[in-house]
Amino acid sequence: MNIQQPSPTIGLNCHALSDKLNQFAKTEGIRQWDLGAACSNDSSVQVDRGEAKQMKGSQRSSITVRVWNDQGLIGITSTSDLTDAGLGKALRLARQASDFGNPSDVPAFSPQAKAPLPDLHRPLRPSQGIKRLLEMLKQAEADLLGRHPSILTVPYNGLAEASYEQIYLNSEGALRQMKRTQASIYLYARAEENGRKPRSGGAVRLALGSQDLDLSGCIQEAADCTISHLDYKPIQTGNYLVCFTPDAILDLLGAFSSMVNARAVLDGVSLSQRESLGSTIAVPFLTLHDNGLHPSHIGASAFDGEGTPTRKLCLINGGRLESFLHSEATARAFGVAPTGHAGLGAKVSVGPDWFEVSTTEGESSGSNLHHQKTKEPFVLIEGLNALHAGVKASQGSFSLPFDGWLVNQGEKISIEAATVAGDIRTLLNSIIHIEPDSVIRPGGISPHVWVEGLSITGEA
Amino acid sequence: MIATYTPDQTPALESESFNGQWEGQLESLLSRGRSAGADLIEIFLEQTDHLGVLAEQDAITSVNPSFGRGAGIRVFLGERDGFVSTNDVSEAGLDKALEEALAMLGLQVNGAINSSFEGLKTLQDFAIEKRNWLKNCPELQEASEHLLNGTSLLEQYGKHLQVRRGSYARDWQEVLVAASDGTFGRDIRLHQSVGLNVLAADGDHRSSIGRRYGTSNKPDDLRQWNAEASAREVCESAGIMLYADYVDAGQMPAVLANRFGGVIFHEACGHLLETTQIERCTTPFADKINESIAHEAVTAIDEGLTDEAFGSVSMDDEGMQSQRTVLIENGVLKRFISDRAGELRTGHPRTGSGRRQGHTFAAASRMRNTYIAAGPHTPEALIESIDHGLYCKSMGGGSVGPTGQFNFSVEEGYLINNGKLTKPVKGATLIGEAKEVMPRISMCANDLELAAGFCGSVSGSIFVTVGQPHIKVDSITVGGR
């Protein structure tokens with residue numbers, strides 16, 4: 001019986017895998033187990049001034065298996081070796097690791113591991129093949145290079161298409177399986193004018209298949225972004241009225257998602273505590289959902305690592321902390337239902353899917369600030385950089401380099417080099433306006449968000 | 001109660017090992033690739049065995065073993081290359097991967113025999129003395145005891161500690177590299193690291209401090225770890241930073257401490273000396289060989305030879321023996337860090353720096369142990385030379401952008417006033433551009449030390465060492481509030 005199928009696109013035989021695991025578990029005397037498996041096939045290309053630079057393909061399969069021993073403790077092992085020997089060894093190692101399970105925090109099967117799944121309506125798109133990807137990317141690069149004489153290279157570029165399969169099985173008969181396809185393109189151009197520093201800008205697009213990618217939109221955005229940074233000046237250090245683009249605010253909220261993460265709360269590394277639920281943490285006109293089911297979320301999955309169905313969850317409602325993201329174990333600790341945000345582990349991680357930032361229904365900031373119309377001076381932050389280094393999530397502080405513009409009387413001057421610093425709790429209470437128009441981005445959906453009095457360090 | 005645990009070390013069994021017994025099959029693949037018209041074919045076989053352990057407060061809360069096997073096949077035709085990776089290392093799986101890699105370049109396997117492939121050279125086997133490394137590492141029970149001792153010491157030395165964590169990671173990797181130019185090398189690598197992290201909280205004051213220590217090729221690493229010194233260092237730093245004020249932003253001179261302070265050179269300059277950056281036209285130093293790019297006080301080295309250093313490798317992931325490469329000598333650019341593709345596309349000779357996270361990545365020019373050499377000054381002399389500035393005792397992470405602009409965070413900083421360290425400050429970010437900052441490194445102290453780190457880039461996350469003595473930067477932008 002083959003675990004890996006010969007299919008060029010999708011490679012796991014779900015029922016064979018289940019049968020094998022049951023057989024090995026029986027041999028090892030393991031009564032309770034579960035398993036997450038992932039399989040992918042992907043192709044990608046990169047180009048350099050009209051020539052193919054690198055073409056890549058990969059087939060990857062991996063499983064993570066958990067077992068519960070007779071004391072009810074859990075052990076885990078992961079492997080990419082899906083041969084019989086590999087699967088048997090994974091079970092044995094997991095069984096041995098269970099001797100070191102943490103008795104004070106034992107994950108169980110999700111009570112929703114067999115509940116009906118949402119219908120995501122994500123049709124599988126056929127692969128176009130690497131030669132077609134190469135043609136598309138060469139053309140996209142040429143178009144972008146032709147947009148402005150100062151754009152000399154597109155040093156970071158890539159076009160990829162992939163098919164994925166995700167499986168969750170457990171010894172009580174739960175069987176989840178999902179197949180999906182995804183394609184992506186990114187174009188980051190580098191522009192340089194005589195006597196001036198090089199500048200860079202870029203764009204990303206995702207779609208279900210490479211034939212659905214918005215290539216022209218990606219090229220246009222990358223060109224606009226790069227060109228708009230050519231005329232740059234340093235900015236004076238000080239406190240500024242700031243408008244975050246949807247990308248920037250989504251990145252910032254994502255970096256501080258431990259505020260709404262029950263695992264982080266239980267571990268004591270969140271700014272929130274158990275009793276924070278219901279408290280006001282932001283201005284009343286801010287509402288935040290996590291919505292892994294949103295139709296624009298290309299990478300959506302119908303279930304999480306524990307087999308719990310994905311669902312839309314309100315995290316901040318009218319500025320009040322409404323709920324946390326949960327796994328099975330954290331939900332049990334809080335006396336609520338799991339929310340579909342779990343990974344799979346001995347200590348199960350929890351994380352957000354796709355944020356939706358919006359104005360609270362029936363609330364208004366009373367402001368009419370708009371990033372394209374406002375005349376008073378403000379800093380428009382296009383993108384935040386180095387979040388891994390500049391965010392102290394457990395402290396609430398951030399100090400981040402950014403790309404952006406100083407906007408005055410409608411005139412946009414690119415900022416040469418600067419950082420923005422602050423505290424997320426202060427920021428959430430210093431939001432003075434959320435624009436009405438939401439923008440769908442790869443990482444979520446959000447309008448432009450205005451914050452007053454943020455500290456910016458420049459080189460002027 | 002902690003039970004006895006015996007690691008299953010099946011990957012080290014000779015029958016499953018990637019060793020010289022693969023020569024015939026690899027030669028067949030390479031021969032077919034050359035016959036198809038490829039200029040060069042490289043096959044990278046890998047198996048791994050990983051163990052991660054996490055202790056929180058006074059309990060082991062997570063044990064994560066993992067293992068795997070896989071192959072990466074790279075085909076060059078002119079300056080182009082195609083790369084395919086697979087988990088399937090069966091004969092059929094490797095055949096399929098080769099065919100796909102060839103097809104990317106418009107080539108296909110045919111029945112012809114290409115006489116230009118002369119077979120593999122004698123295996124350069126760096127793994128012979130390393131076969132027992134995995135089983136000589138601490139077993140899980142012993143590793144757990146060391147970690148719990150560490151978190152217990154944190155409790156002993158720390159104040160206001162809300163979270164105490166200790167973590168241990170052991171990464172074992174066996175690789176076999178074969179290429180149609182005859183390259184045939186085998187190695188076993190062992191990396192272990194242990195870290196302590198705390199979160200201190202007192203009212204509205206919070207500080208989170210972490211340190212990670214790592215070595216390569218040293219099975220006894222965890223046994224010899226000085227947990228007490230590590231715990232004291234972490235607790236002292238957390239205690240000081242708990243009540244630190246935020247730094248005022250501005251342009252000022254700075255002294256960067258030794259060890260992990262070397263991340264500034266790694267991010268600001270090291271990446272720009274990789275040939276991948278020349279290929280992308282993203283380094284300002286591409287045409288600066290034998291020209292001054294830094295202050296004459298600066299000599300910088302990248303090497304893979306230092307015993308037990310995190311970035312040391314017997315051979316790189318393209319089968320080339322490691323070496324010592326002087327990048328900058330007295331401020332003058334001498335060499336770039338180069339891999340096989342870098343040599344092909346830029347003309348800079350290979351330096352044994354073709355590195356990758358694993359079989360799913362094609363190798364690229366990457367740093368190993370990279371550091372600024374020691375200078376003549378005492379660390380105190382650097383601080384005494386500054387009227388008003390910043391002392392960066394401990395650095396956080398950082399990154400460099402596509403135009404060479406770098407940034408990194410300061411985890412533990414102090415103001416310098418009139419040549420003396422004064423109050424601690426937090427929230428600082430150093431930003432700048434290598435081209436502008438390198439000439440401003442005007443003083444190097446005599447206390448070079450190295451620190452283990454992880455570097456994420458085009459070929460994945462790899463083990464590296466950063467390092468430097470205390471250095472003085474005459475002027476740098478400090479982001480703050």
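Predicted model: local features only at pLDDT ≥ 70, side-chain atom pairs only at ≥ 80, totals over all residues.
Two residues are said to be in contact if their C-beta atoms, placed from the backbone, lie within 7 Å.

In helix 4 of chain B, the residues H146(B), N149(B), G150(B), L153(B), L154(B) and Y157(B) meet a set of residues in helix 5 of chain B, namely A227(B), E228(B), S230(B), A231(B), R232(B), V234(B) and C235(B). Sorted by class, this contact between helix 4 and helix 5 of chain B has 7 nonpolar, 4 polar and 2 charged residues. As for the geometry, the axes of helix 4 (residues 140-157) and helix 5 (residues 227-242) of chain B come within 9 Å and cross at roughly 40°, which makes helix 4 of chain B oblique to helix 5 of chain B. The crossing of helix 4 of chain B past helix 5 of chain B is right-handed.

On the helix 3 side of chain A the residues involved are M136(A), A140(A), D143(A) and L144(A), and they meet L215(A), I219(A), A222(A) and A223(A) in helix 4 of chain A. By class, the residues of this contact in chain A are 7 nonpolar, no polar and 1 charged.

Stepping back to chain B as a whole, its domain assignment gives domain 1 (10-242) and domain 2 (246-479), and the C-alpha centres of these two domains of chain B lie 24 Å apart. Where they touch, domain 1 of chain B contributes 36 residues and domain 2 of chain B contributes 24 residues. Among the elements that give two or more residues to the domain 1 side are strand 1 (40-56), strand 5 (161-179) and helix 5 of chain B, and that side divides into 13 nonpolar, 14 polar and 9 charged residues.

Finally, we can turn to the place where the two chains meet, a contact that takes 64 residues from chain B and 63 residues from chain A. On the chain B side, the largest share, 12 residues, comes from strand 2 (residues 59-77) of chain B, while the side as a whole divides into 20 nonpolar, 33 polar and 11 charged residues.

Notes: Residues numbered from 1 in each chain as written. Chains lettered and ligands numbered in written order. Axes fitted to C-alpha atoms, helices over the stretch in contact; angles between N-to-C directions. Helix = DSSP H or I, 4+ residues; strand = E, 2+ residues; numbered from the N terminus. Parallel < 35°, antiparallel > 145°, perpendicular 65-115°, else oblique. Left-handed = near helix turned anticlockwise from the far one by under 90°. Nonpolar A, V, L, I, M, F, W, Y, C, P; charged D, E, K, R; others polar. Domains from an automatic or database assignment.
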